[in-house]
Amino acid sequence: MSSLWSRLCEIKPNFFPEGPDFVASNVELIGQPKFQVTCHNIKNMDSQLSTAADFKHLEMQIGRARSMSPGKVSHEKSKPDAFLKMIKNCPLTRASNEKDVRHFEFEFVSRVMQYEIGDVLEVLPSQNPAAVDSFIQRCNLDPESFITVHPRETENHHLDNNVHALEVPIKLRTFVELAMDVASASPRRYFFEVMSFFATAEHEKERLQYFASPEGRDDLYQYNQKERRTVLEVLEDFPSVQMPFEWLVELVPPMKNRAFSISSSPLAHPNQVHLTVDVVSWTTPFKRKRRGLCSTGLAGLDPEQKIYIPVWFHKGLLPSPPPLLPLILIGPGTGCAPFRGFVEERAIQSLSGPIAPIILFFGCQNEENDFLYRDFWLFHSQNDGVLSEAKGGGFYAAFSRDQPQKVYVQHKMQEQSQRIWNLLCEGAAIYVAGSSTKMPSDVMLAFEEIISKESGAPRESAARWLRSLEKAGKYHVEAWS
């Protein structure tokens, strides 16, 4: 708009006797934020409530914050399904290994939720209190003030039936902590554009305007996304900017749940949920160490601390199979997580009735460093276990870096071509889980080759047959980046 007025002024100056800036000032150009923050004069509102062990109070606080957040969270899912307490935190990889993969075990402490193997657990990450305090201090906010947040009526004419839930005030600090990702997620381009309107130092204003312009897109990408700069870091880099809290509420990325495949069976572990988590860390182009907010937070928990973790349960992409359905499972790396639950469940089912065989293909870099759940797989693949060849199943591991040539799960699949074909002829279902890079497509190609080789059919026919398995709900893939 600003450049439009300037260009029109050049064409017809007499339309703008006092200059184009008089027509629309910078502040007018950005309009009003879409959300309104109301402060409430309430003293010690929560003083009569119980401590953090009061799950009803915790649930209410989380529900309030997430209901008011601009992030798209349905009101039904704003409150957690349950609270968990960590009872085990043990590494699955060697300390010297570059990867840090953990096995976590949790107990239900508020209410027990029913779940199935293949389901997904969402965890609300916990922000570093020091980062939250730094953000509040940097933005000159009062952490003890009570607020409500709701859409401006001009932006949202149809306030829903849950609007009364938004009217319950919450402490500003609690809202920031639970609903605003100030020290993990990177802001979007519009954040820089709005910042430029509130910069009082000219060099900062120019820099922000450049970042928000088409010409500055590549430099913004290098500065912001590539470095994964956080909202707090960006604000600290531009100290003259004082953005109103309403704009921050709208533009700071909302705190998102992190989803993990459940790696336990409720039949084997009543009242418990297990996770297999890769503790995320990486180095930016400017050699700054970054860590995943949720995985690092979980890895740093001591079961003795008795920290209560809010969680939600969801159906995943891997449906729970009936006991008499033969299974071909491919799970390299942490992709093996859901299949640990599959094997546990079938082992329990074998105690009371007949079961179909399972073949599992696992892959990692080194047998000594990152062979996740080694003892578990070997136990179930021996002595007539559910993964034993004696029971029609099998467990096959590929260690990609233990020899000069790379060996992946698809190579182990080729070695067991006949066994895979026999199970497919018996009506087996295929489950694939793990990295979304090349692995799923490489595994699909391996299946095409195996079917073509064992059946004598052309490769195109094998591909069509696999597509028919997908349509019939017998080829499932759960992949993550």
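I began at Leu84, whose bridge partner in β11 is Ile309. The model I am reading is predicted, so I kept its limits in mind: local features need pLDDT of at least 70, side-chain atom pairs count only at pLDDT 80 or more, and totals for chains, interfaces and linings use all residues. Residues are numbered from 1 along each chain as its sequence is written, and side-chain values use heavy atoms, with hydrogens and water left out.

**Entry 1: the antiparallel sheet**

Pairing here takes at least two DSSP bridges between two strands; the elements are DSSP runs numbered from the N terminus, helices being H or I of at least four residues and strands E of at least two. Next I traced the whole open sheet, six strands in the order β7-β4-β11-β2-β3-β8 with antiparallel pairing. Its edges are β7 (258-261) and β8 (272-278), each with a single partner strand, so one side of each has no neighbour in the sheet. From one strand to the next, the twist averages 40° (axes are lines fitted to C-alpha atoms, for helices over the stretch in contact, and angles run from 0 to 180 degrees between N-to-C directions).

**Entry 2: the parallel sheet**

I then looked at a second open sheet, where five strands pair in parallel in the order β14-β13-β12-β15-β16. Here β14 (394-399) and β16 (475-480) are the edge strands, each pairing on one side only. The strand-to-strand twist averages 10°. Inside this sheet, β12 (residues 327-330) and β15 (residues 429-435) run parallel and are joined by four bridges, with Leu327 opposite Ala429 of β15.

**Entry 3: α18 and its partner**

α18 lies across β12, β15 and β16, at about 150° to β15. How do α17 and α18 cross? The axes of α17 (residues 417-425) and α18 (residues 439-455) come within 10 Å and cross at roughly 85°. The two helices are therefore roughly perpendicular (65 to 115 degrees; under 35 is roughly parallel, over 145 roughly antiparallel, the rest oblique). α17 makes the contact (heavy atoms within 4.5 Å) through residues including Trp421 and Leu424, and α18 through residues including Phe447 and Ile451. I find six nonpolar, three polar and two charged residues in this contact (nonpolar: Ala, Val, Leu, Ile, Met, Phe, Trp, Tyr, Cys, Pro; charged: Asp, Glu, Lys, Arg; polar: the others, Gly among them).

**Entry 4: domains and confidence**

The automatic or database assignment gives domain 1 (35-43 + 52-80 + 110-251) and domain 2 (327-479). Their C-alpha centres are 43 Å apart.

The chain averages a pLDDT (the predictor's confidence in each residue, from 0 to 100) of 91, and 92% of the residues score at least 70. Residues 47-52 fall below 50, with six contacts in the model beyond near neighbours in sequence. Residues 155-166 are also below 50, with 11 such contacts. Where pLDDT is low, predicted coordinates should not be read in detail.
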